[in-house]
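Notebook open, model loaded. I'll jot down what I look up as I go.

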Amino acid sequence: MVTRGFVGRRQPPETGARLPPGQYLTDDFPILQIGPNPTVDMATWRFTLREGSRPIKAWSWAEFEALPRTTWHGDIHCVTKWSKFDTTWEGVSFDDILADAGIAAPTGYLLAESHDDYTTNVPVADLVGGRALVATRYEGQPIHPDHGGPARLFVPHLYFWKSAKWVKGLRFTQTDTAGFWELRGYHMYGDPWREQRYIGD
Amino acid sequence: MSSATSVTDPAIEPIVFRWHEAEITAIAPVTPHVKSVRLRCGLAESYRAGQHVDVRLTAEDGYQAQRSYSVASAQDGSGTLELMIEALPDGEVSGWFSHCAEIGDRVELRGPIGGSFSWDGSDGGPLLLGGGGSGVVPLLAMLRRRAQNWREIPAALIYSARTRAEAIAVAELERLAEADPNFSLHLATTREPGGKRIDAPLVADALARIGSPGKVFLCGSNRFVAAASDLILAQGVAPGLIRTERFGA
């Protein structure tokens, strides 16, 4: 349906090719979350891997920081339509987390769980093979609490609501289980290039 | 987990968001930079106060742009809903609404989105609302909903605007505060002689008017929401009661 008089603002071809459909480019780093920043105490911080309710392994901050580091550079895309190019993140790859726990993924799905009671679901296949980190640094610095520090899940090929801020653990689930936004109409998978913003997209 | 239900967060049935055609039925200036746009749309009777919609504009050649806008109106049986659109510098969508849109023009809307930042009377109170600039819009919808049926629920609005002239719906809010002993308005203007930013005494005053809040909703720039959250938490309000929406960097 054409809107009378609307011409829009086209991006240069090289920018447009990097922008998923329906996105616009920003130099800012907008902040979106469901409530205030949670208080996270580094002395008692734990990152816990669980299968259902059963803990598999937990790391203290010092233990987590001692794991092998991986750096990722590229573009991120938020369901609220902004994209940000050329960001750099550093953290521990999901592969290295599994290796340190001495396991293979026991199920095909998991839920990321955060200190603010936020949850989001991601298929295990989207986390392995160097595709995802638990990130602790952004642009060479500790991640600011506004952006999810001390640690956030980082899954750059999906919309950014999947990259849960203030992550405290990953819980393997038997089935693909909706998290906070997925229960409120957001897409179960969230591929920006297929514009999977909401259920049914 | 199997349910979104909790004390502070009413469950919203997951729904499929479809695009709906909408026709502009009225346009009116609200402040020097904000326009009220009324749209006739199938969504008009199926949203909760505080939720937002995605707006999509399509050019002749098929190019599309989408942005999210909070709904300003409470459901009123008119078959229309109201958006308040602030003209942003070089705004691709807001620019069209500011400079081009006319009554009878058609756009597409999708939603309602944002179930965790929404309120209806059955959710209870007391309600503490904090809005910065155009962040007041979803809170205005909550107050309009409250005024329809729920005036016994105490409510306070902390509202930070640059100047009185730039404060959205300030006359309506002042009329409501005058007529309704259960509602208080706490306006802070930051760019006027004698003006100030929101501070601890202002927040304490708002809380004193309503008692211990059952729901807190904050919307505005990141700077505003962070400041308001800190001030409210410092008064002893539990973090789990606070819901936020932010815009800008």
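I started with the side chains of A:Ser83 and A:Gln23, which a polar contact of 3.1 Å joins (N or O atoms within 3.5 Å; within protein, one able to donate a hydrogen and the other to accept it, and residues adjacent in sequence count only if both atoms are side-chain atoms). This is a predicted model, so local features need pLDDT of at least 70 and side-chain atom pairs pLDDT 80 or more, while totals for chains, interfaces and linings use all residues. Side-chain values use heavy atoms, without hydrogens and water.

I placed A:Ser83 in strand 5 (residues 82-93) of chain A (strands are DSSP runs of E, at least two residues, and helices are H or I, at least four, numbered from the N terminus). A:Ser83 is buried, at 0% relative accessible area (buried is under 20%, with a 1.4 Å probe and protein chains only). Beyond four places in sequence, its contacts (heavy atoms within 4.5 Å) include A:Leu19, A:Tyr24 and A:Ile76.

Next I turned to chain B. I found an open sheet of five strands, order 9-8-7-10-11, with parallel pairing (at least two DSSP bridges between two strands). Strand 9 (183-189) and strand 11 (242-247) of chain B are the edges. Six bridges join strand 7 (residues 127-132) of chain B to strand 8 (residues 155-161) of chain B, and B:Gly131 has B:Tyr159 as its bridge partner in strand 8. Helix 2 of chain B packs on the sheet, touching strand 7, strand 8, strand 9 and strand 10 (215-221) of chain B. Helix 3 of chain B packs there too, touching strand 8 and strand 9 of chain B.

Definitions and conventions: Residues numbered from 1 in each chain as written. Chains lettered and ligands numbered in written order. Buried < 20%, exposed > 50% of the residue type's maximum accessible area, 1.4 Å probe, protein only. Axes fitted to C-alpha atoms, helices over the stretch in contact; angles between N-to-C directions.
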